[in-house]
Amino acid sequence: MAVNWQATICDFFRSPSRFVSSKSADVFLAELLHELRNDRVPNGVKVHLLAPLCEQPALLCPTLSAGEETVLELLSVFAHCRLPCVPFRSSLLVALTSVLICSSCVSTKVRVCVDFLDLLLQIAQDTSASHADAALLLRGVACECLRELETCRPGLLSQRLELIGELWSKENSRLHQPYARLNSLVLKNAVYRLAVDPGSGNDDLKLLLGEKEREAERQCRPTDKEAAAFSSLAMGTMPTLQTGQDCKDLRTVLSTTLENSFLLTPPCQAEVLRTLVQVVAMVPVVRPSIFRAQLLRLLGTGQVCLLHVTLLMKCAYTDSLFSTDDEAFVLRRLVLLSQHPLLSKAEQLFFLDCMLHFPENRPIGCGIGVESLPVLLTPQLAYPLWPAVLHDDATMLARFNLLLLLHQEEGERDGDGEEGATGLVLLYQHLGSLLDIVTRGHGPKMAVAFFRALFLFLVSFCHVHKLANSLADQLCALYGRRSDLALHLLNLADRTRDSFPERGWSARLCGALQRVIVEAPPAQFTVTDLRWHLKVLARVAEEGHLSQLSTLRLLADVTLWPRVCTSADWRLGNGVLRICRRLMAHPGLDALLPSLADVLQHLMRHYGDADIGDHARLYYSLLTTLSKEKLAAGMATRALSEEGANKHSLSCIVADTERLTSMLTVHRTDEAAFRLAESEYPQPSPSETEGCCPRADAYGLAGRKRSHLTLKYQLHHSVSKLSCSDQVFSLHLRFNFRGSHYEQLCDLSVPCLFPERLAPAVELLLKPRLAVPVTLSASAMFSTVNDLSWTFGTK
């Protein structure tokens, strides 16, 4: 049986939703509970059977009634379980906690929830000597279950705060830490409940802390309004509890917790201290100086979690807890720890980031999340943080960024980059050292680090024209030696254009790269170098104020090379077409038109790849047919640019597909968008006899034989709800006779119909076979200015 249950549970966890759909959740849950009540099933198998209830309680107990019944069954199993079975009893407690939380039994006034809380507190108070190790393990699980319930439903244990405090103060085993975490959590949630209640005061706080021995009038669970208000606690919005000057009980509880906190492990200390910081923030009577005795121990620690709690205290209390000397000491500690050899790289980077987001006592006014350095961090204090080429990439970039911000004011004071700006010059020299390493051909990892450092430098000092122009020249020299860095250069050009377009540094870099490429001897180009050059020139073609004549001359020379046209290299040909496509949208197209047409004509005639030739033929047709404005608008669309195609999201693709489907569909309207107004009576043909009434001849009612009749009409707009039918194109009229007494009419086409123009004339040539009345039906199909096709029919 155990083997079968093991396979069944494995199938359940493989896909719980599919398992429940194939086998009812109620049936599966009933089978689980039946096996749990079976005394012949080993306890190890029962632990395995509890796994679905621990992992997927909401799927097996979707309703409140199902959760309540399951909890009752599990409590019954727990009551009849043998005492030494600690693993099974512990798993039962975890399963009960999961079912209570996920089935909303905790959120409502359910008796089983109160019974389970009493059971957990009874286990937590059981300090009997029999089976000491087993009882200790079970008590630890019960404590964690209580903390989980209090976390998911804040305020649930508010009225048990005194009992939990006593358990924590008397505990001398390793459970001292779980009880400390539970006690601080319950205290914070209880104070918060009082703070959000406008009628609460000092008496309620004393009652909460157990000074008065009377029955609490509040429920043991928070109301829905209070539970919703707990969400603001995580957002940093702290309500305040207005109490009198006498708040000795709360001070005593806080002082006791702080004095015993040194017995806890650093992570547990950090959690307890964060909770107490929130408690003190909600009670203004308790001054932040209560943490003063702990600062010396916290400031001297090397633990990341404790130092982070110290910074949180500084952010919450600023100068009410930390003096200027304390602030300077914290900064010195951060500088020391960020370069300590015994700390890991991740810890060093954390301390560097703490300096970039340091909570000052008197902040100058930077926005939340913006990197800025504190005023007390001077170049002399940060001197040990100078980066070196031997550092790993992350450490080097973090230190380089910090020092750039530190010396940014120095660059602003000396905008020309004179030699007097010592820190700025040293940073520039460090960047030059990285450039030398990349030039010698080191791996891609160093290249990435260099370009990241270069971008950080330009963000801070792009206004120093001397250094910025020198960097552009050095990058061009680097590209002349290593064309494989083209993508890094293009990415740098794009990012600098987006970050500070007013400086024009990106355009200057593109112009310099263009000169490097077009001035190089073409005979030295390899196919690989040529591919990179074409990518760079395509980016240069986006700069509207740069002349592209030299680029076209290079393209003309390249397309004449036999090794290019005969190789039929699709990527190489597509690189040439990419440049041509962007030049077609260039503002200076008038000067480029003859040379660009020659390049496209040569490609479509002589290039070995048929796809490249077809695209060149399309571009040549557009270039020689469309006006400059239409050509620029067409080339600017995302459909014709590979950048736009790469950036298409799923929603854009769906929208384009729907638009294309709408354009290819002929839409039908029930109302007549046009009308035919009779201009004059129909005129008989020359072979007809005289003396017949024209009106009778027009409708074929005369008794004499006619060869044919001509009906003349004028085509006008009618009152239509189609907002796009004012201007129509390719109007196609079709007429049809009902019966065989007249010959069918040919279709008529009207190029366009505008309201402001003269109405076009429509002539219908009727050839009757028999002079009888006839019904003439007409239908029209036309296109509107929004590229949609419409049709309607009338009689």
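**Rings and a helix in a predicted model**

F450 is buried, and F451 is buried too.

Student: Happy to start there! What kind of model is this?

Tutor: This is a predicted model. A search of the whole structure finds 11 aromatic pairs.

Student: Why is the pair of F12 and F19 called edge-to-face?

Tutor: Planes over 60 degrees apart count as edge-to-face, and centres must lie within 6.5 Å for rings to pair. For F12 and F19, the centres are 5.5 Å apart and the planes stand at 90 degrees, an edge-to-face pair. F12 and F19 are both buried.

Student: And what makes F450 and F451 edge-to-face?

Tutor: The ring centres of F450 and F451 are 5.1 Å apart and their planes meet at 70 degrees, so this pair is edge-to-face.

Student: Which residues do ring pairs link into a cluster?

Tutor: W5, F12, F13, F19 and F28 are joined that way.

Student: What makes you say that the charged end of K314 sits over the ring of F322?

Tutor: The distance part asks for NZ of Lys within 6 Å of the ring centre. The charged end of K314 is 5.9 Å from the centre of the F322 ring, and it sits over that ring.

Student: Which residues of helix 29 are buried, and what do they pack against?

Tutor: Among the buried ones are L530, W532 and L534. The buried residues pack against several helices, including helix 26 (465-481) and helix 30 (549-560).

Note on methods: Residues numbered from 1 in each chain as written. Predicted model: local features only at pLDDT ≥ 70, side-chain atom pairs only at ≥ 80, totals over all residues. Heavy atoms only, no water. Phe/Tyr/Trp six-rings, centres within 6.5 Å; stacked < 30°, edge-to-face > 60°. Buried < 20%, exposed > 50% of the residue type's maximum accessible area, 1.4 Å probe, protein only. Lys NZ or Arg CZ within 6 Å of the ring centre and 35° of its normal. Helix = DSSP H or I, 4+ residues; strand = E, 2+ residues; numbered from the N terminus. Contact = heavy atoms within 4.5 Å.
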